[in-house]
2 protein chains.
Amino acid sequence: MTLLFARDLAADLHAGRTTPRAVLEQVARAVGARESEVQAFAALDLDRARAAADQAGLTARALAGLPVGVKDIIDTRDLPTAYGSALYAGHRPRNDAPVVAMTRRAGGLVVGKTVTTEFAFLKPSQTRNPRRLTHSPGGSSAGSAAAVAAGMLPLAIGTQTAGSVIRPAAFCGVTGYKPTFRLLPTLGMKTFSWHLDTMGLFAARVRDAAFAAAAITGRDLDIGEETAERPRIGIVRTARAGSASAEAHAALDAAARAAEARGARVFDLDLPEELEAADAAQPIIQDFEAALAFADELAYDRAGLSPLLAAHLDAATQIAPDTYDQARRTAKRARQKLGDVFGEVDALLTFSAPGPAPEGFATTGSAMFCRLWTLLGCPAINIAGLETADGLPVGVQLVGRFGRDRQALAVANLLESAISR
Amino acid sequence: MTLLFARDLAADLHAGRTTPRAVLEQVARAVGARESEVQAFAALDLDRARAAADQAGLTARALAGLPVGVKDIIDTRDLPTAYGSALYAGHRPRNDAPVVAMTRRAGGLVVGKTVTTEFAFLKPSQTRNPRRLTHSPGGSSAGSAAAVAAGMLPLAIGTQTAGSVIRPAAFCGVTGYKPTFRLLPTLGMKTFSWHLDTMGLFAARVRDAAFAAAAITGRDLDIGEETAERPRIGIVRTARAGSASAEAHAALDAAARAAEARGARVFDLDLPEELEAADAAQPIIQDFEAALAFADELAYDRAGLSPLLAAHLDAATQIAPDTYDQARRTAKRARQKLGDVFGEVDALLTFSAPGPAPEGFATTGSAMFCRLWTLLGCPAINIAGLETADGLPVGVQLVGRFGRDRQALAVANLLESAISR
């Protein structure tokens, strides 16, 4: 599996060592070789991308003509956007979502839409894990993770409401970067939960995701090979540690030791009670808002929803407003508390998932180690490179301080280089 | 002008003293009498509403079949939704916005779409002020305010990003209630600024708006005639007091004295510096986000935007991400500071606008006394009842603590009853 390195490719494009068209053809060849078995794309238009690749001035822009995949939960004006649902088959949004417009403005070529589970919920998709085709790629950003992991794309956009960026990145063995809440605008995606839906990026390495975030948002995030110096890293196993497999524990321990060997100050950290308790607020907020976000589909198109989602939304309509309001207050207090925690650490390191990708396709895996960090809105990064004894990727999750994405990425860079691949 | 009292009408409907159809015909007569001169509706479908009025079980629901107007910036599945823009003329959204679905679920009949300025920005609309047809109704929720003020509707939904609920309510002499940020979901409206856009309600009296908010959200907000007991009210003239007309100052003074006479503890309050400074953050956040929210229209449909909006968005694209990030931090600190202020007061009372409705239609008036409270996300209520010497409405604005809408409404109720109409 040859991953495509977005930052290196962009450097080559900027320097004229290659062309957008040549990179695109490399992508086309990878798609030809892998897509039939991986099924990462919900829509693909290489010819349109070829035409766009030939436009003048492309390589002067930050993304320099890099091919980008966009999760099919996000609106695109020139590619169908079905949100993973038969209800929206063939749907053509009028407008690009802002994140798509920003990507194009930065010189990214949107070559296709990547598979999402139905409305980015739990029903498994057709996508397969490129690292082992008999295993789940995770969800809900299955196609984005798989396309990068299969070497079919250097860069893909995904979304996370509970664990939909970190989890598939961990299962497929690539970098998944969930930035601080709203660093990438969520407007123009099919909303599941407006206080939780977060736009994220998939790329080969931490530096590739950081480069892309810088290019898309115009912010100072392109850290390159810069690593944090002697960062204080709190190892957080959480109250749910018992649900993590031996492999997940081994990966977390290995990452901690590797970071320590590279100068990081590593110590175990028990989360304050307010933070552990906030974990339970995430599904309440997610589901209460989803029942409203899908009120129209529930009222008029119920038969077009999967039984799994319809039943889930039905139950969600029973959540009382007071319960929701209380969960929002719990989340607010937890965010303040997390600020205190970050007075004493530079980053937290925890599980990305309870274990490696599950075998088969009955489930997309669990978001139990992600949802708290989505709720808190702080940056989180899946760091790839560790594996089970039989070669399945196991990710670890680096969590940073709200709004301090550059620092989080710099610590993640250290971790990534510390973990021998 | 006979205003329609939503809460009283609903009580009559619940008790069987009238029927949804009878109320609807009352609305139809008012529309027949006033709409040609007021022009509050962008779309109206009374026949569809008549059919809906006859459905079984309607009067058992909270809104009991009350006619409702929905600002044409908000998606409706059965009425065209043009966002006040020629670009979207005839646009038919697939889905009801959640707030519309919630309104229908509560037994509200959506009879029409009320006029919005272009994309809820500043270009004046065709709507006239029912209290004086030569004067502006304000903006951007012009039609919602005017329809209620003209007695054509008991209830209308609007939105505010700077001052688009409070200002038109003040100019038209009705209650405008901007709830705590996201109490009413903003999903399904044409986004201008995701951190500022706030859904609000227009009704005759405070208790009518409170009743509607309770009915739509299922929260404990139906205060009826309940008033706050001896509330501490800080009179806030702000650093911009010099821009308020003598009439606005007189109205604020009159409201303060009236409240005092009813037992309120009233005192002048200077806002802490952090709050005054935050006022300048609102336009930065609004415009930076608008440039992204309209990135697609700017790129592909620029000629279809008004010159006013196009020029504004062009300038907005020049706002640096760092400037925006700094404005967001300023807003966050100001929200914390406002929490401290509310340790010592129960409500703030300030101007709704610099004066009564401007004559003519060159401008929709100024949001200068509203934008800070939109930025801070706290509940704000325009209280009607005061007038200039020659009979134009002058509103005063009651501002409450974030998330404490019931208390804010109860103080507003006291104010409203204290102000003799």
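**Stop 1**

The model is predicted, with local features requiring pLDDT of at least 70 and side-chain atom pairs pLDDT 80 or more, while totals for chains, interfaces and linings use all residues. Residues are numbered from 1 along each chain as its sequence is written, chains are lettered from A and ligands numbered from 1 in the order in which they are written, and side-chain values use heavy atoms, with hydrogens and water left out.

Between them, domain 1 and domain 2 of chain A bury about 3300 Å², with 59% of it on carbon and sulfur atoms. Buried area here is the accessible area (1.4 Å probe) that two parts lose on being put together, summed over both. Within domain 1 of chain A, highlight Phe171(A), Thr180(A) and Val206(A), which lose the most area to domain 2 of chain A and together account for 18% of what that side buries.

**Stop 2**

Next, display the side chains of Arg131(A) and Glu387(A), which form a salt bridge with N and O 2.7 Å apart. The term denotes a side-chain nitrogen of Lys or Arg within 4 Å of a carboxyl oxygen of Asp or Glu. The interface of domain 1 and domain 2 of chain A has 2 salt bridges by this rule. It also has 21 residue pairs in polar contact, both residues at pLDDT 80 or more. A polar contact is a pair of N or O atoms within 3.5 Å; within protein, one must be able to donate a hydrogen and the other to accept it, and residues adjacent in sequence count only if both atoms are side-chain atoms.

Helices (H or I, at least four residues) and strands (E, at least two) are DSSP runs, numbered from the N terminus.

**Stop 1: where chain A meets chain B**

Show both chains. Here 33 residues of chain A are in contact with 33 residues of chain B. Chain A and chain B bury about 2900 Å² between them, 51% of it on carbon and sulfur atoms. Select Arg94(A), Arg182(A) and Arg219(A): they supply 20% of the area that chain A buries against chain B, more than any other three residues.

Which residue of chain B forms a salt bridge with Arg219(A)? The partner is Asp325(B), with the closest N and O atoms 2.8 Å apart. In total, the rule finds 6 salt bridges across the interface of chain A and chain B, and 14 residue pairs are in polar contact there, both at pLDDT 80 or more. On the side of chain A that touches chain B, two or more residues come from each of helix 4 (98-105), helix 10 (281-293), helix 11 (295-300) and helix 13 (321-341) of chain A. Helix 4 of chain A provides the largest share, 5 residues.

**Stop 2: Asp296(A)**

Centre the view on Asp296(A), in helix 11 of chain A. Is Asp296(A) buried or exposed? Asp296(A) is buried, at a relative accessible area of 2%; buried means under 20%, exposed over 50% and partly exposed in between (1.4 Å probe, protein chains only). Leaving aside residues up to four places away in sequence, Asp296(A) touches Asp301(A), Arg77(B), Arg94(B), Asn95(B) and Asp96(B). A polar atom of the Asp296(A) side chain lies 2.6 Å from the backbone nitrogen of Asp96(B).

**Stop 3: Pro283(A)**

Move to Pro283(A) in helix 10 of chain A. With 21% relative accessibility, Pro283(A) counts as partly exposed. Pro283(A) and Tyr324(A) are 41 residues apart in sequence and 9.8 Å apart in space, C-alpha to C-alpha.

**Stop 4: two helices of chain B**

Finally, select helix 4 of chain B, residues 98-105: 7 of its 8 residues are buried, so this helix is largely enclosed by the rest of the structure. Among the buried ones are Met102(B) and Arg104(B). After helix 4 of chain B comes Gly107(B), with a positive phi near 95 degrees.

Then select helix 5 of chain B, residues 142-149, where 8 of the 8 residues are buried. Just after helix 5 of chain B, Gly151(B) has a positive phi of about 70 degrees.

Methods:
Contact = heavy atoms within 4.5 Å.
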